[in-house]
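Here's a quick briefing for anyone meeting this structure for the first time. Have a look at the picture, then read on.

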Amino acid sequence: MAFEFILSSIEGAVGVITLNRPKVLNALSPELIGELGAALGEFEANPEVGAAVLTGGPRVFAAGADIGDMVERSPVDQLTRDQTGRWAPLTSFSKPLLAAVNGYALGGGCEIALMCDLIIAGDSARFGQPEINLGVIPGAGGTQRWPRTAGKYVAMEVNLTGAPISAQRAFQLGLVNKVVPAEVTIEVAKRLARRIAEKPPLALRLAKEAVNAALETPLQQGLAAERRSFYFLFATEDQKEGMRAFLEKRRGRFKGR
Ligand code: CAA
């Protein structure tokens, strides 16, 4: 599928999406979000894709939702076109999704990074929720995912001041997995995605689901769900292959069955 506001490619087992509105710092217009959802849908349906990387390229991740598109909207417009509800393909994507962040990840840009499963940040990365400066608040998870990741006080700071935090501070807070020189961010993320994509796909899917469930359920319920998935995986060929390969001292060859 040809896209106008993103670039999408498949490199081996890794799907790569690059946000591509450089003149407006990858501002997230509805059209761009639509294309992002469509590209993720293609990766979801393609069994060759084991993991995906989402990046904004070398200079900027995304400076947020498109302010020009929103400025004159009414609440009814927002509700009927469900502006941020349309970002759901990012959270329903069942395969590992890595963000490779250089430069600004602000507003909705920060929120889509926080929807990813792992975040590799270049040393130029800045994460923030400046919506307060526009007379609004985040609408795609900024007030909800920050406290769950960085705690209440940091969440208050970024949401009430609108000031971004550095890659290094984000790393100290556990918000990003790794900080690397900006020129290698995307390559490091792709390398990690390639490593993850070699793992058994069904186990990856259920591991992702289980970790996400931990953020939404009481412990006993989460443990029960984890246990069910653990037992279920004994129905897969990949479990037999993985355990036999270990015992036979060779690498497992996984099929996603
Ligand atoms: N929407 C639309 N256009 C944007 C934009 C955005 N979010 N961010 C930047 N742009 C445009 C600018 O208007 C500018 O366009 P022109 O060249 O036509 O003037 C171009 O991108 C370059 O931007 P700047 O000249 O401002 O670049 P800078 O380097 O001086 O500053 C910046 C960079 C600090 C990121 C600044 O652009 C900025 O503050 N952007 C807005 C950030 C923001 O408020 N994001 C939150 C949006 S609301 C949201 O996301 C809601 C939600 O939760 C869903």
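This is a predicted model: local features need pLDDT of at least 70, side-chain atom pairs count only at pLDDT 80 or more; totals for chains, interfaces and linings use all residues.

Residues are numbered from 1 along each chain as its sequence is written, and side-chain values use heavy atoms, with hydrogens and water left out.

**Surface patches**
- Phe 230 sits in helix α11, residues 219-232 (helices are DSSP runs of H or I with at least four residues, strands are E runs of at least two, and both are numbered from the N terminus).
- Together with Tyr 231, Phe 234 and Met 243, Phe 230 makes a nonpolar surface patch with about 440 Å² of accessible area (Shrake-Rupley method, 1.4 Å probe, only the protein chains shown counting as cover for residues).
- A patch takes residues with over 30% relative accessible area and no salt bridge, joining like charges within 9 Å and nonpolar side chains (Val, Leu, Ile, Met, Phe, Trp, Tyr) within 5 Å.
- There's also a patch of positive charge on the surface, made by Lys 178, Arg 191, Arg 195 and Lys 199 (Lys and Arg count as positive, Asp and Glu as negative, while His and the chain ends are not counted; a charge is placed at NZ of Lys, CZ of Arg, CG of Asp or CD of Glu).
- Lys 199 lies in the loop between α9 (185-197) and α10 (201-214), and Lys 199 is partly exposed at 47% relative accessibility.

**Salt bridges**
- The structure has 12 salt bridges (a side-chain nitrogen of Lys or Arg within 4 Å of a carboxyl oxygen of Asp or Glu).
- Glu 237 pairs with Lys 255, with their closest N and O atoms 3.8 Å apart. This pair links distant parts of the chain, 18 residues apart: Glu 237 is in helix α12 and Lys 255 in the segment after α12 (237-247).
- Glu 237 also forms a salt bridge with Arg 257, at 3.7 Å between the closest N and O atoms.
- Asp 69 and Arg 73 meet at 3.1 Å, N to O, and a network of salt bridges links Asp 69, Arg 73 and Arg 81.

**Overall build**
- The chain has 12 helices and 9 strands.
- Of its 257 residues, 44% are buried.

Note on methods:
Buried means under 20% relative accessible area, exposed over 50%, partly exposed in between (1.4 Å probe, protein chains only).
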